[in-house]
Amino acid sequence: MAQGYLDVAGVMMVALDRDGRVKLINRKGDELLGDAAEEIKDKDWFDNFIPPGNRAGARARFLRLMSGEVKPEGCFENPVLTGSGGEKGILWNDTVLKERGRITGTLSSGEDITVRKKTEKALIESETRYRLIHDTAFDAIIVSDAGDRVIDCNPSAEKIFGYTRDELIGLELTRMMPEKYRERHHIGLERFLATGISKVQVS
């Protein structure tokens with residue numbers, strides 16, 4: 001019955017005994033580790049499924065839990081080794097198991113955050129590239145909100161328009177345009193906001 005409950009969970013579930021050996025693992029855990037449950041059970045969790053660089057710290061933390069020295073700390077990140085030798089980033093949450101007041105092991109749920117971590121890394125790299133172009137471009141770059149007010153600009157914009165960045169932030173773009181171009185700009189902006197097409201010429 002316990003195994004059935006674990007198998008319907010959408011995250012990895014692993015139960016360890018006091019020695020750190022796997023006593024139960026659910027179907028999701030099998031999928032993430034790339035091994036069948038029969039090949040995982042009774043193996044030392046730390047020696048077989050934690051990357052070498054993380055083993056000492058993970059085991060030390062587990063032993064402190066078993067001794068009652070510390071309590072589960074909530075969510076924390078720790079990778080696991082897959083059957084193919086790769087690694088997956090896992091966000092863990094531990095519960096201490098007890099029988100008659102004695103700590104007998106842990107039950108841990110682990111969410112695979114590998115894709116999320118890669119996405120976060122890609123976003124950071126993208127932001128770094130954008131900021132490099134933004135800060136070094138010879139052309140003026142101005143970012144405005146839906147209300148047509150400036151929310152960011154690059155150093156070249158300050159030089160070209162003769163405003164400091166602080167003076168530009170919050171300024172309506174039309175205030176920097178000759179009057180004859182303002183209506184055309186508003187029409188283009190409305191069309192852009194209505195369609196969401198980023199290549200519409202607005203000025």
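Helices (H or I, at least four residues) and strands (E, at least two) are DSSP runs, numbered from the N terminus. This is a predicted model, in which local features need pLDDT of at least 70 and side-chain atom pairs count only at pLDDT 80 or more, while totals for chains, interfaces and linings use all residues. Residues are numbered from 1 along each chain as its sequence is written, and side-chain values use heavy atoms, with hydrogens and water left out.

Me: How many helices and strands does the secondary structure of the protein come to?
Reply: The count rests on the DSSP runs described above, with helices of at least four residues and strands of at least two. On that basis the protein has nine helices and nine strands.

Me: What is the radius of gyration of the protein, and what does the globule rule give for 203 residues?
Reply: The radius is taken over C-alpha atoms, and the globule rule is 2.2 Å times the number of residues to the power 0.38. The C-alpha trace spans about 80 × 35 × 35 Å along its principal axes. The protein is more spread out than a compact globule, because the rule gives 17 Å for 203 residues and the radius of gyration is well over that, at 28 Å.

Me: Which kind of aromatic pair do Trp45 and Trp92 form?
Reply: Rings of Phe, Tyr and Trp (its six-membered ring) pair if their centres lie within 6.5 Å, and planes under 30 degrees apart count as stacked, over 60 as edge-to-face and the rest as tilted. Trp45 in helix 4 (residues 45-49) and Trp92 in strand 6 (residues 90-99) are 47 residues apart, so that the pair links distant parts of the chain. With 6.0 Å centre to centre and 90° between the planes, the pair is edge-to-face.

Me: Are Phe46 and Phe62 buried or exposed?
Reply: Buried means under 20% relative accessible area, exposed over 50%, and partly exposed in between (1.4 Å probe, protein chains only). The two rings form a tilted pair, because their centres are 5.3 Å apart and their planes stand at 55°. Phe46 lies in helix 4 and Phe62 in helix 5 (residues 52-67), so the pair ties together parts that are 16 residues apart in sequence. By the cut-offs given, both Phe46 and Phe62 are buried.

Me: How far apart in space are Lys117 and Gly89?
Reply: Lys117 is found in helix 6 (residues 114-136), and its relative accessible area of 35% makes Lys117 partly exposed. Lys117 and Gly89 are 28 residues apart in sequence, while their C-alpha to C-alpha distance is 7.6 Å.
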